[in-house]
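Here is a short briefing on one protein chain. Look over the structure first, then read the points below.

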Amino acid sequence: MARAFSFFRAGGFDQVQFETGADFVALGELDWKLWVALASPTKGLVFDTRTLELIDGDGDGRIHANELVAAVKWAASLIKNHDDFLKSPETLALSAINDASDEGRLLLASAKQVLAGLGKADATSISVTDSAEAVKAFHGLPFNGDGVVPPESAKSAEQKTLIDDIIATVGGADDKSGKKGVTIDQVKAFFAAVDEYVGWLSKGEADAALMPLKQDTIGAWEALSAVRAKVDDYFARTRLAAFDARAAAALNREEKEYLALAAKDLTITDDEIKSFPLSRIEANRALPLSEGVNPAWAAALTAFSDKAVRPLLGDTATLTETQWADVKGRLDAFGAWQTSKVGAVVEKLGVDRLKALHTDAQKALLDPLFAEEKAQEPTANSIVSVEKLVRYVRDLFKFANNFVNFREFYERKTPAVFQVGTLFLDQRQAELVLRVEDAGKHATVAPLSRGYLVYADVTRPSSGEKFSIVAA
């Protein structure tokens with residue numbers, strides 16, 4: 001180590017002691033083997049949640065040693081007197097900000113701008129509350145630099161409708177204001193799907209063989225698909241009956257099966273009835289489309305007849321196997337085209353809407369909104385930097401004394417941040433109480449503590465909040 005640190009003995013080992021601000025800002029020089037902990041969760045601690053989120057640079061829900069070092073290094077570069085960290089002040093004096101660098105000058109100007117926006121232009125210091133209010137107010141603006149544009153930011157009904165369509169199909173993103181909006185990537189994904197779908201649709205409309213009934217082909221295909229397996233089954237049975245007349249009785253189901261059905265209350269939707277053939281099986285018999293058909297399939301056959309058979313073959317009451325093959329052949333090309341569909345995620349918007357969207361003008365419709373959103377990024381970053389610095393000066397030293405060392409825990413002047421309260425149980429008072437996310441998983445390593453541990457689920461009466469704890 002380049003710096004000579006001081007240590008104190010606690011918990012059976014030597015722990016670093018930050019005697020001066022210079023010690024603290026030199027944290028990055030301290031060998032990690034001398035840290036008490038190298039990672040900490042951002043949840044379950046009695047500590048400012050927003051500060052923990054800011055330190056957690058990669059947003060994985062855990063603060064690692066390198067992230068704390070980076071936070072201290074950044075804050076130290078912007079504070080003139082590093083002893084200020086040891087004071088953990090609730091407010092940061094503007095004169096304490098180091099404006100010797102470009103970043104420092106920008107941050108100082110941003111802090112003054114924040115105060116002016118809060119009606120405190122003459123203030124000489126800024127608090128965590130001031131910065132939090134500024135962040136909240138800025139996030140509530142139509143354009144707040146987070147890269148998300150909600151429908152409320154639209155300048156026209158056309159833009160709003162487009163944003164709503166994108167959210168309804170490819171999905172949206174959470175804006176810092178709490179509203180749902182869209183990002184540039186989601187806009188690109190939406191129009192890529194529109195292009196794919198319209199291109200696929202145009203191919204079908206241009207090929208007469210794909211849609212022999214034009215727009216009615218869709219209904220014909222759906223009606224065919226609904227009965228395909230059952231009609232195939234029917235003609236397979238008639239061919240088998242033609243092969244051997246002795247098979248006809250079995251192919252029509254035995255009388256005892258009808259007797260079993262007759263013994264109970266029936267509805268035409270019963271599965272037993274649906275499993276019976278479409279009609280009486282005879283050698284090479286045509287399929288009747290209305291009279292003498294299985295009642296469970298009557299409606300489906302009528303729809304098939306009305307939407308596919310009559311439009312393609314003309315008025316006929318029966319369907320031969322040759323005609324059946326003809327109907328399938330004329331509609332199967334449409335079916336194959338349907339299976340090749342792309343961009344289906346936007347299909348629910350309807351053909352007319354999608355064709356109207358398939359233009360360069362529509363693709364560029366939201367560009368002005370994203371330009372305004374982009375222009376606010378520097379302001380957003382500067383406001384967040386002000387908030388970060390105010391919180392870091394107040395909180396980093398305290399957090400380090402619960403992370404790099406456990407000074408607060410061993411001194412017992414104030415509870416450590418990981419101590420969530422005191423448990424009173426059977427005339428005993430347990431002060432080492434921690435939150436646990438999974439008591440069962442935690443208990444598997446509990447014997448390693450060689451202590452008596454109590455697990456409990458607790459509820460806060462005022463809010464109904466529930467969580468689990470372990471107490472030593």
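How many of the 472 residues of the protein chain count as buried? The share is 40%, where buried means under 20% relative accessible area, exposed over 50%, and partly exposed in between (1.4 Å probe, protein chains only). This is a predicted model, in which local features need pLDDT of at least 70, side-chain atom pairs count only at pLDDT 80 or more, and totals for chains, interfaces and linings use all residues. Residues are numbered from 1 along each chain as its sequence is written, and side-chain values use heavy atoms, with hydrogens and water left out.

**Overall build**

- The protein chain has 20 helices and 15 strands. These are DSSP runs, numbered from the N terminus: helices are H or I with at least four residues, strands are E with at least two.
- The radius of gyration of the protein chain is 37 Å, while a compact globule of 472 residues would have one near 23 Å. The radius is taken over C-alpha atoms, and the globule rule is 2.2 Å times the number of residues to the power 0.38.
- Along the principal axes, the C-alpha atoms fill a box of roughly 105 × 65 × 45 Å.
- Take the contacts (heavy atoms within 4.5 Å) with a separation of 6 or more: 62% of them join residues 24 or more positions apart.

**Surface**

**Aromatic pairs**

- Rings of Phe, Tyr and Trp (its six-membered ring) pair if their centres lie within 6.5 Å; planes under 30 degrees apart count as stacked, over 60 as edge-to-face and the rest as tilted. By this rule there are 20 aromatic pairs.
- Trp-200 and Trp-337 are stacked, because their ring centres are 4.1 Å apart and their planes lie at 10°.
- Trp-200 sits in helix H8 (residues 184–206) and Trp-337 in helix H14 (residues 321–339), so this pair ties together parts 137 residues apart in sequence.
- Trp-200 is buried, at a relative accessible area of 7%. Trp-337 is buried too, at 5%.
- Phe-304 and Trp-324 are edge-to-face, because their ring centres are 5.7 Å apart and their planes lie at 80°.
- Phe-304 belongs to helix H13 (residues 298–313) and Trp-324 to helix H14, so the pair ties together parts 20 residues apart in sequence. Both Phe-304 and Trp-324 are buried.
- One aromatic cluster is formed by Trp-32, Trp-35, Phe-47, Phe-399 and Phe-403.
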